[in-house]
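Student: I would like to learn how to read a protein–DNA model feature by feature. Could you take me through one, giving the general idea before each case?

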Number of protein chains: 2
Amino acid sequence: MADIREAFQLIRSTSLATAVEREIEAMILNGDLPVGARVPELELAERFGVSRSPVREAVRALDAVGLIEVQPNRGAYVRKIELSEALEVYEVRAALFGQAGRLMALRGTAEATGRLRGLHEEMLAAAETHHFESYAPLNFAFHELIVEAAGNRTLAGQYRMLVKRLRLFRTRNLMFGDTLALSYREHDAIVRAVEARDAEAAFAACFEHVEQGRKRVMERVKAEEEAEGRPPGGLARTQSTGA
Amino acid sequence: MADIREAFQLIRSTSLATAVEREIEAMILNGDLPVGARVPELELAERFGVSRSPVREAVRALDAVGLIEVQPNRGAYVRKIELSEALEVYEVRAALFGQAGRLMALRGTAEATGRLRGLHEEMLAAAETHHFESYAPLNFAFHELIVEAAGNRTLAGQYRMLVKRLRLFRTRNLMFGDTLALSYREHDAIVRAVEARDAEAAFAACFEHVEQGRKRVMERVKAEEEAEGRPPGGLARTQSTGA
DNA sequence: CGAATAAATATTGTTGACAATATTCTGCCG
DNA sequence: CGGCAGAATATTGTCAACAATATTTATTCG
C-alpha cells in the first residue's frame with residue numbers, strides 16, 4: 001500500500017495538488033472512496049506522502065466539479081446523488097448528447113461515421129445474447145465516439161463531467177432484461193441519422209436515447225422501492241446506507 | 001480600499017476560501033481582474049487580509065469552474081476565451097437553453113409563464129427604440145426566468161457557468177443595429193410556445209434563439225477582423241492585448 | 001439506567017516560514 | 001549597441017505548527 005507514493009511521483013508532471021486531485025477522483029470513481037464517505041485530509045495526505053495543503057486544494061477543485069461536497073468545519077464527503085438529481089443529470093445529458101449527435105452529423109468526418117458503424121455492428125452479438133459484460137465497454141465507446149466526433153471540447157468536457165457524476169448515484173445503471181436490445185435499436189437510429197448527415201434526426205435520436213435511459217432508471221428505482229414494500233408514488237427519501 | 005476586508009467578514013458565513021472564491025469571481029466578472037490578467041496570490045491575500053492558503057484554494061476552485069487557468073509554477077491567469085471557444089460555448093448553451101425551454105413548457109407553473117409574458121411585453125418598448133441599456137437587464141431576466149422555471153438545478157448551474165465563461169470572451173456581445181428587434185422576435189416565438197405548452201416548439205425556439213446569437217457573434221467578429229484590415233477566413237489569432 | 005454536562009480527543013481552518021522555480025535586473029563581452 | 005550569463009528578486013509550491021470547531025468519551029446527577 002506504500003507504493004501508491006511511487007505511482008504518484010510519476011503523475012506529478014503538473015503540481016502536487018493536481019496529482020492528488022486525479023488520484024482522489026480515481027478513488028471515488030473506483031468506489032475506493034464510497035459514496036457518502038468522509039474524505040479525511042490528514043489520512044489522504046499521509047497515504048500520498050504529502051502535507052494537507054495539496055489535499056485541501058484538490059478537495060476544493062473536486063467540490064467545484066461536483067464530485068465532493070465540503071461542509072464547513074465538518075469535512076468533505078463524497079457527494080451522494082439522489083434519484084431526483086440523477087434524473088436532472090439525465091435531462092441535461094440528453095440535451096448535450098443530442099447536440100453532440102447533431103454536430104457529428106453536421107461536421108463529423110467520414111472516418112468517424114465509419115468507426116461508429118463498426119462499433120455498432122460489434123455490439124449486435126452482445127445485444128442479442130444479452131451479454132452485458134461485452135456490451136458495456138462498447139456502449140461506452142459508442143457514446144464517447146459521438147461526443148468526440150462532435151468537435152466541441154467544451155461540450156465533451158461537460159458531458160463527461162455529467163457521466164462521472166452519475167456514478168455517484170446509488171443504482172448502477174446496469175442493463176437488464178431486454179434493455180440491451182432496446183439500447184441497440186436506439187443506437188441504430190443514431191447511426192443511420194449520422195450516416196445520412198441528417199442533423200435534426202441525429203439530434204432527436206441521441207436525445208431520445210438518453211431520455212429512454214432516464215425513463216428506464218426511473219422505472220427501475222420505482223420497482224425497487226415497491227419491492228422493498230415502500231408505498232409507490234412521491235419521491236421517497238432513500239435512506240442512507242451509511243458510509 | 002481597505003474596507004474590502006470588512007465587506008469580507010460579512011460574506012464569511014462559510015469558510016474563508018469560499019468567501020475568497022466569491023470575491024475573486026466577482027472581480028473577474030466585474031472586469032476588475034481583466035481577461036488574461038495574472039492572479040497574484042500574495043497581493044490578493046493581503047488585500048483580503050488573509051493568508052495565501054485560502055486564496056490558493058479559491059484559485060483551484062475557479063480553475064475547475066473554468067474562470068481561471070493555473071500554469072504550474074507560473075501562476076494563475078484569468079482565462080481568455082478565444083472566438084473558437086466562444087462558439088463552442090454557444091453550441092452547448094443552445095442545447096441547454098433549448099432543454100430549459102422544453103422543460104418549462106412541460107412543467108412550468110402558470111405563474112411563471114405569466115411572468116415570462118410580462119417581461120416580454122416590458123421589452124417591447126426597449127426593442128422598438130433600440131435602447132440597449134434598458135433591454136439588456138430585461139433580456140437577462142427573461143433568460144434567467146426560463147432556466148429557473150425549468151425546475152432543474154443541475155441544468156441551471158451548468159447554464160449559468162457557461163454564461164459566466166462567455167464574459168471572458170473579448171467581444172462584449174453588445175447588441176447593435178436591428179439586433180434588439182431580432183432578439184425580441186425570437187423571444188416572441190419562445191413565449192408563445194411556452195404558453196401553448198408545446199414542448200418541442202419551445203425547445204426549437206429557445207435553441208434557435210441561442211443559435212442566432214452565435215451566428216451574430218460570428219458575423220460581428222468577422223466584420224471586425226475585416227475592418228482591421230486582416231484577411232478574412234481562417235481563425236485569425238487575435239493578438240493579446242496584454243494584461 | 002438514562003440523559004445532560006463537561007472534559008478529552010480528533011479534525012478542519014488558517015497562518016507564517018522555508019524550498020523550489022520563474023522572472024527581472026545587472027554587468028560583461030562580442 | 002545588442003545579446004548573453006549570472007546574480008538578485010519575486011512568486012509559486014509545500015510544509016509543519018497553531019487556532020478554532022466538531023465529535024467522542026467520561027462523568028455526574030436525576
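The dialogue below goes through the fold, a sheet, some backbone angles, a helix, the chain contact and the DNA surfaces.

Tutor: Before anything else, keep in mind that this is a predicted model.

Student: What is the make-up of chain A, and in which pattern do its helices and strands follow one another?

Tutor: Chain A has 10 helices and 3 strands, and along the sequence they come in the pattern α-α-β-α-α-β-β-α-α-α-α-α-α. Of the 243 residues in chain A, 35% are buried. Among the contacts in chain A with a separation of 6 or more, 71% join residues 24 or more positions apart.

Student: How should I read a sheet, and in which order do the strands of chain B stand?

Tutor: In chain B, 3 strands form an open sheet with antiparallel pairing, in the order E1-E3-E2. E1 and E2 of chain B stand at the edges with a single partner strand each, so one side of each has no neighbour in the sheet. Helix H4(B) packs on this sheet, touching E1, E2 and E3 of chain B, and its direction makes about 115 degrees with that of E2(B).

Student: Which residues are bridge partners in E3(B)?

Tutor: Strand E1 (residues 38–39) of chain B pairs with E3(B) in the antiparallel sense over 2 bridges, and there Val39(B) has Ala76(B) as its bridge partner. Strand E2 (residues 68–71) of chain B pairs with E3(B), again in the antiparallel sense, over 4 bridges; here Ile68(B) is partnered by Val78(B), and Glu69(B) by Tyr77(B).

Student: What should I look for in backbone angles, and where is phi positive in a residue other than glycine?

Tutor: In chain B, E2(B) and E3(B) form a hairpin with 3 residues between them, and Asn73(B) in the turn has a positive phi of about 65 degrees. In chain A, Asn73(A) has a positive phi of about 65 degrees although it is not a glycine, and this residue lies in the loop between strand E2 (68–71) and strand E3 (75–78) of chain A. Arg197(A) also has a positive phi, near 55 degrees, and sits in the loop between helix H9 (179–195) and helix H10 (199–227) of chain A.

Student: How do I read a helix, and which residues of H8(A) are buried?

Tutor: An α-helix has 3.6 residues a turn, so residues three or four places apart point the same way. Helix H8 (residues 153–166) of chain A has 14 residues and reaches 20 Å from its first C-alpha to its last, close to the 20 Å expected at 1.5 Å a residue. Its buried residues are Thr154(A), Leu155(A), Ala156(A), Gln158(A), Tyr159(A) and Arg165(A). What covers the buried residues of H8(A) includes helices H5 (83–107) and H7 (132–149) of chain A, together with H5 (83–107) and H8 (153–166) of chain B.

Student: How many residues does each chain bring to the contact between them?

Tutor: The contact takes 28 residues from chain B and 28 residues from chain A. On the side of chain B that touches chain A, the elements giving two or more residues are H4, H5 and H8 of chain B, and H5(B) gives the most, with 11 residues. By class, that side of chain B has 12 nonpolar, 8 polar and 8 charged residues.

Student: Which residues come nearest to DNA strand C and to DNA strand D?

Tutor: Of the 17 residues around DNA strand C, the nearest are Gly75(A), Leu16(B), Val50(B), Ser51(B) and Ser53(B). Of the 18 residues around DNA strand D, the nearest are Leu16(A), Val50(A), Ser51(A), Glu41(B) and Gly75(B). H4(B) gives the most to the surface near DNA strand D, with 3 residues.

Definitions and conventions: Residues numbered from 1 in each chain as written. Chains lettered and ligands numbered in written order. Predicted model: local features only at pLDDT ≥ 70, side-chain atom pairs only at ≥ 80, totals over all residues. Near = placed C-beta within 6 Å. Expected span 1.5 Å × (residues − 1). Buried ≥ 20, exposed ≤ 12 C-beta atoms within 10 Å, placed from the backbone. Contact = placed C-beta atoms within 7 Å. Nonpolar A, V, L, I, M, F, W, Y, C, P; charged D, E, K, R; others polar. Pairing = 2+ DSSP bridges. Axes fitted to C-alpha atoms, helices over the stretch in contact; angles between N-to-C directions.
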